[in-house]
Amino acid sequence: MLCGRWRSCRRRPEEPPLPAQVATPVALVPPDGGSRRPGLRALKKMGLTEDEDVRAMLRGSRLCKIRSRTWHKERLYRLQEDGLSVWFQRRIPRAPSQHIFFVQHIEAVREGHQSEGLRRFGGAFPPARCLTIAFKGRRKNLDLAAATAEEAQCWVRGLAKLRARLDAMSQRERLDHWIHAYLHRADSDQDSKMSFKEIKSLLRMVNVDMNDMYAYRLFKECDHSNNERLEGAEIEEFLRRLLKRPELEEIFHRYSGEDRVLSALELLEFLEDQGEDGVTLAHAQKLIHTYELNETAKQHELMTLDGFMMYLLSPEGAALDPAHTCVFQDMDQPLPHYFISSSHNTYLTDSQIGGLSSTEAYVRAFAQGCRCVELDCWEGPGGEPIIYHGHTLTSKILFRDVVQTVRDHAFTLSPYPVILSLENHCGLEQQAVMARHLRTILGDALVTEALGAQTPEELPSPEQLKGRVLVKGKKLPAARSEDGRILSDQEEEEEEEEEEAEAAEQRRRAKQISPELSALVVYCCATRLRTLHPNPVPPQPCQVSSLNERKAKKLIREAGNSFVRHNARQLTRVYPLGLRMNSANYSPQEMWNSGCQLVALNFQTPGYEMDLNAGRFLVNGQCGYILKPACLRQPDTTFDPECPGPPRTTLTIQVLTAQQLPKLNTEKPNSIVDPLVRVEIHGVPADCARKETNYVLNNGFNPRWGQTLQFQLRAPELVLVRFVVEDYDTTSPNDFVGQFTLPLNSLKQGYRHIHLLSKDGASLSPATLFVHIRVQRF
């Protein structure tokens, strides 16, 4: 509770004192018990209860779900009262969690026939009545047709408003919504009164197994009416106690003194201790005016405990440096000076043996910031080239459709250049068709000639190539441009390893490159890397080598610094071994350590490898380009990732607490997680390490650790830090709960919240870790 005592310099005697402040979301329940529909209070706080589109979604709509030419099924879809989830009908009832999707997991809502599914199967429905809900992660698109165009627009507009409001919500508002949703579910008879049995159900839902005696004592302390029911202000008090953050109160009181409020000077002292660079009194005052909830405190430039919590839960209080969330790096250096987010077998949505090929896979890759996508091009019927994983059961899509998808989606997230990596298995005739499609569909966006000098000494920069598409492929020698005879740009290692008899004709055809397609290869000429030793003729900057992971690792091991120097001048693409039939990934970190720019991964396969990729490209505005450290850009660098030198940095992380971790099995009320935290360091081999805390038994709601983990780092500029939460299991491997990965150079020091993500990279809000971070450089 906030003490009513004030320092004389802060308040004149005639001014009213501040009301008592508590560490709880504002207005969790109305003081009078309020509405008998707790879920609608959430929408009211979002300012959307009177919105006609949202009201229509609350009533529900019968929409036609479209999955194939013949599978068109009418289903009921209805927005839940929490405003955060949509319930939908299934033909066969399943577990409750299988009947909803969450607004925060939506990647985009598209109108009309703007998905592969609706373009192929939605012809019977006018575009004005159709919409597509695209999700983050691996969940399939939801293609829908409404009874009328206006009903379709209600859902398009309504979902847009809900997503915009959700994006604008603070972490505290998200917590408010989260707890209200569970409160609504736990109130089994919907009378807005909570019995002890319902309170116990609520506790299990929010992932805490509280001792019955302690829970009942807490219940009775709040039951001021003494009727074995909590209602109105009693529920508010119970939630306030439940959501209390003792570790934050301790930090706050350490700086606030006896009066339990922070002056701007005291907040400045806290910020300086945090290690914030260049903070001033004016900055502290700005934070008070931004995050303080109490208007009287704000007028006196004071911060209460609530305001302090609002600040620490905001992006400014997060572990990721907010200054790094926009483009902040120099984008005027040549392309080889950047790590470039790259995808392998981009067209696949599953394994490379029998998975589905889809243009939607390209849309998802671009939505994740990918800047280099792969097109495996094969001879198709009717003179039209197709894309699929050759000689397998994967489905086929038209090359033309993929190029149209590139045109429509390549620059929605990032304006920086996209590279189309062509694996060409087509004959001369269909190669000419490919060239025609690239020119006509991409138009002026396609790079067809060098920007300046015809033989540049270095490649252009991302800034110079904004909004442009580059083709990576084989190019005919100038003297033999009419001959058409040249090696295929099929990834050469696997060409040598997979000599299949039935592919002989395809390989013969692929050893010819049409002049039309060759002319489109300007800055990314596919070339086999034969040696790293100095050649009589210096390598051309436009030459790009493709290596499988095995050969890349061999070069890293045996060539070391020579490979780093090569990558300072030229682009190198690394791709997974063909033996990875299930489209598994390799660790990209080893390739980045040597300066490889185009480290291609299977974006459709979640796992720690894709977490590292997402963490590497999380910063710089998620634009898909990250400036390499100076030691990887200098042509005469002496850096060798295998011999990085002595430790230069100490990273100390104190894992304090976690908040509102998700339940792993929502269908089993008594299933409570036993969380532990692991911190992983990914960098040069000498820096790689992992350390973890003990596990906390039966508490995913507010577990406490207070354990310190320390790491010595030799090449900190390459380090990624991965925070992982797992559910401990004595008899089987631990279950994944959530993670967050970011570069060490973007990690803020001091007391910070880590906002956890799911396996697919979706937000697990309001789930957080609370840690203290210290970075010592020497």
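Trainee: Before we dig in, what should I keep in mind about the model and its numbering?

Mentor: It's a predicted model, so local features need pLDDT of at least 70 and side-chain atom pairs count only at pLDDT 80 or more, while totals for chains, interfaces and linings use all residues. Residues are numbered from 1 along each chain as its sequence is written, and side-chain values use heavy atoms, with hydrogens and water left out.

Trainee: Fine. How many helices and strands does the protein have?

Mentor: Helices (H or I, at least four residues) and strands (E, at least two) are DSSP runs, numbered from the N terminus. Here the protein comes to 23 helices and 31 strands.

Trainee: And what percentage of the residues count as buried?

Mentor: Buried means under 20% relative accessible area, exposed is over 50%, and partly exposed is in between, using a 1.4 Å probe and protein chains only. Of the 778 residues, 57% count as buried. You can look at contacts too, where contact means heavy atoms within 4.5 Å. Among contacts between residues at least 6 apart in sequence, 68% join residues at least 24 apart.

Trainee: Now helix packing. At what angle do H9 and H13 pack?

Mentor: Axes are lines fitted to C-alpha atoms, for helices over the stretch in contact, and angles run from 0 to 180 degrees between N-to-C directions. H9 (residues 246–256) and H13 (residues 305–312) pack at about 110°, with their axes 10 Å apart. That makes H9 roughly perpendicular to H13; the classes are under 35 degrees for roughly parallel, over 145 for roughly antiparallel, 65 to 115 for roughly perpendicular, and oblique for the rest.

Trainee: Which residues make that contact?

Mentor: On H9, Leu 248, Glu 249, Ile 251 and Phe 252; on H13, Leu 305, Phe 308, Met 309 and Leu 312. They divide into 7 nonpolar, no polar and 1 charged. In that scheme Ala, Val, Leu, Ile, Met, Phe, Trp, Tyr, Cys and Pro count as nonpolar, Asp, Glu, Lys and Arg as charged, and the others, Gly among them, as polar.

Trainee: Are H15 and H16 roughly parallel or roughly perpendicular?

Mentor: H15 (residues 399–409) and H16 (residues 428–442) pack at about 25°, with axes 10 Å apart. The pair is therefore roughly parallel. H15 brings Phe 399, Arg 400, Val 403, Gln 404, Val 406 and Arg 407 to the contact, and H16 brings Met 434, His 437, Leu 438, Ile 441 and Leu 442.

Trainee: Which loop holds Gln 190, and what is its phi?

Mentor: Gln 190 is in the loop between helix H5 (171–186) and strand E8 (193–194). Its phi is near 55°, positive in a residue other than glycine, and Gln 190 is partly exposed at 35% relative accessible area. His 391 also has a positive phi, about 60°, although it is not a glycine. You'll find His 391 in the loop between strand E15 (386–387) and strand E16 (397–398), partly exposed at 37% relative accessibility.

Trainee: How many disulfides does the structure hold?

Mentor: A disulfide is a pair of cysteine sulfur atoms within 2.5 Å, and the structure holds 0. Take Cys 542: the nearest cysteine sulfur, that of Cys 525, is 5.4 Å away. Cys 542 is buried, at 13% relative accessible area, whereas Cys 643 counts as exposed at 58%.

Trainee: Last one: what does Phe 778 touch?

Mentor: Phe 778 lies in the segment after E31 and is exposed, with a relative accessible area of 58%. Not counting residues up to four places away in sequence, Phe 778 touches Pro 647, Arg 648, Thr 649, Thr 650 and Gln 712.
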